[in-house]
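Hi there,

Here is the structure I promised to pass on.

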Amino acid sequence: MSSQPIALRRFCKALCGITLFLIFLGGLVKSTESGLSVPDWPTTYGKFMFAYPLNKMAGGIKYEHTHRMLASIVGLLTLALAVWLFSIKKIPAWIRRLGIAAFLTVVLQGVLGGLTVLYFLPVWLSTFHGVLAQTFFLIIILIAYALSIERHHRWTIEEESYSTSFLKGAILLMGMVYIQLIIGNVMRHDQAGLAIPDFPTMGWTFLPHFDHAWLNRVNEWRFENNLDPVNLSQVMIHLLHRCWAFLILIVLLWLNQIAYKECLDRPLILKTLYWLNMAVLFQVMLGISTVLSHKEVYTTTIHVTTGAIVLGLSFLMVLRASPLTWHQFKALLKK
């Protein structure tokens, strides 16, 4: 695999970075409530997207239109990647299929983005759009790792050590992070980001009753801050997001304990775990700051982006902790 063009490997890494920036822009569109600033699709106020005058990109149009243009560029880059993978005969068929899967995913993502506009941002469709972006990000990471020099070097190791318990824990953590991103997307698009507007208390008490009196107190605060009232379902999705974050922290601490018992001979795993720890702690601080700042635009958007980084790092940790073949992977999980 080291004989693959260095340009192809760099292209995949660059596409990972651009995709992450696209996720940031998508979060910025939602944070600024600019999703309907451009009310038509696939055109922009009746014009071809890239022909829309730059001097008219003001206010919410600036965020929404920039997001659309970068999404189109990512789509074209993904098509180029798929074609590039098929042009090199020695690349394994499964990696080529991943290129096709990435292209189909980004096309579906573009269509979903358009439909969210045409149907006026329904919660379920907007959530699907947000979660699919994270899924596309994982596919690109997988392609980049499959072509990497690191993975090629692992083939040369005569006997690589594996920890079944660490691998299972890493998979559990990645799955929990993915679920957390789904919960977070539902919360954001259901306007529940400040359904509980304080921290560490919840409705100014550590033991909320979630009754009408408690909800009325929350809605009085929202009225004073020019926000629409919330219902108990919005409160519960917000609470679930907080509780799930706490569970992720517990699993991460457990995974650290396993790593320092069973993975001391795998420096790449320990390095990935270190950065994952830092990213999760930063993400927790951003989540708290998002509430305390009353969803300040850039704090909220960076919180969304860091969520994608946590997902990407947890996936990379699974890849580094896993055997190189599917057969070995399944056999290890059965132990």
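A word on terms before the findings: a residue is called buried when its relative accessible area is under 20%, exposed when that value is over 50%, and partly exposed in between. Please also keep in mind that this is a predicted model.

Let me start with the cysteines. C16 has a relative accessible area of 13%, so it is buried. How far is the sulfur of C16 from the closest cysteine sulfur? That neighbour is in C12, and the distance is 7.2 Å, which is too far for a bond. A disulfide would need two cysteine sulfur atoms within 2.5 Å, and by this rule the count for the structure comes to 0. C263 is buried as well, with a relative accessible area of 2%.

C263 also turns up in the lining of the largest cavity. The structure holds 1 cavity of 30 Å³ or more, and the volume of the largest is about 50 Å³. Among the other residues lining this space are S161, Y162, S163, F166 and L167, along with E262, D265, R266, I269 and A321.

Next, the charged pairs. The count comes to 3 salt bridges, and here they are:

- E150 and R320: their closest N and O atoms are 2.7 Å apart. E150 belongs to helix α5 (residues 149-155) and R320 to helix α10 (residues 297-321), so this pair ties together parts that are 170 residues apart in sequence. Both E150 and R320 are buried.
- E64 and R68: the closest N and O atoms of this salt bridge are 3.0 Å apart. Both residues sit in helix α2 (residues 60-87), 4 residues apart, or about one turn of the helix. E64 is buried at 5% relative accessible area, and R68 is buried at 7%.
- E33 and K30: here the closest N and O atoms are 3.4 Å apart. E33 is partly exposed, with 44% relative accessibility, whereas K30 is buried at 14%.

Finally, the surface. Which residues form a nonpolar patch there? They are W41, V107, V111, L118 and Y119, and together they have about 440 Å² of accessible area. V107 lies in helix α3 (residues 93-118). Its relative accessible area is 39%, so V107 counts as partly exposed.

Best wishes

Notes
Residues are numbered from 1 along each chain as its sequence is written. This is a predicted model: local features need pLDDT of at least 70, side-chain atom pairs count only at pLDDT 80 or more; totals for chains, interfaces and linings use all residues. Side-chain values use heavy atoms; hydrogens and water are left out. Buried means under 20% relative accessible area, exposed over 50%, partly exposed in between (1.4 Å probe, protein chains only). Patches are made of residues with over 30% relative accessible area and no salt bridge: like charges are joined within 9 Å, nonpolar side chains (Val, Leu, Ile, Met, Phe, Trp, Tyr) within 5 Å. Accessible areas come from the Shrake-Rupley method with a 1.4 Å probe; for residues, only the protein chains shown count as cover. A salt bridge is a side-chain nitrogen of Lys or Arg within 4 Å of a carboxyl oxygen of Asp or Glu. Helices (H or I, at least four residues) and strands (E, at least two) are DSSP runs, numbered from the N terminus. On a 1 Å grid over the protein atoms alone, a cavity is a set of points where a 1.4 Å probe fits but cannot get out, and a pocket is an open set with protein on both sides within 12 Å along at least five of seven lines; lining residues have an atom within 4 Å of a point. Grid points are joined across faces, edges and corners, and a volume is the space filled by probe spheres set on the points.
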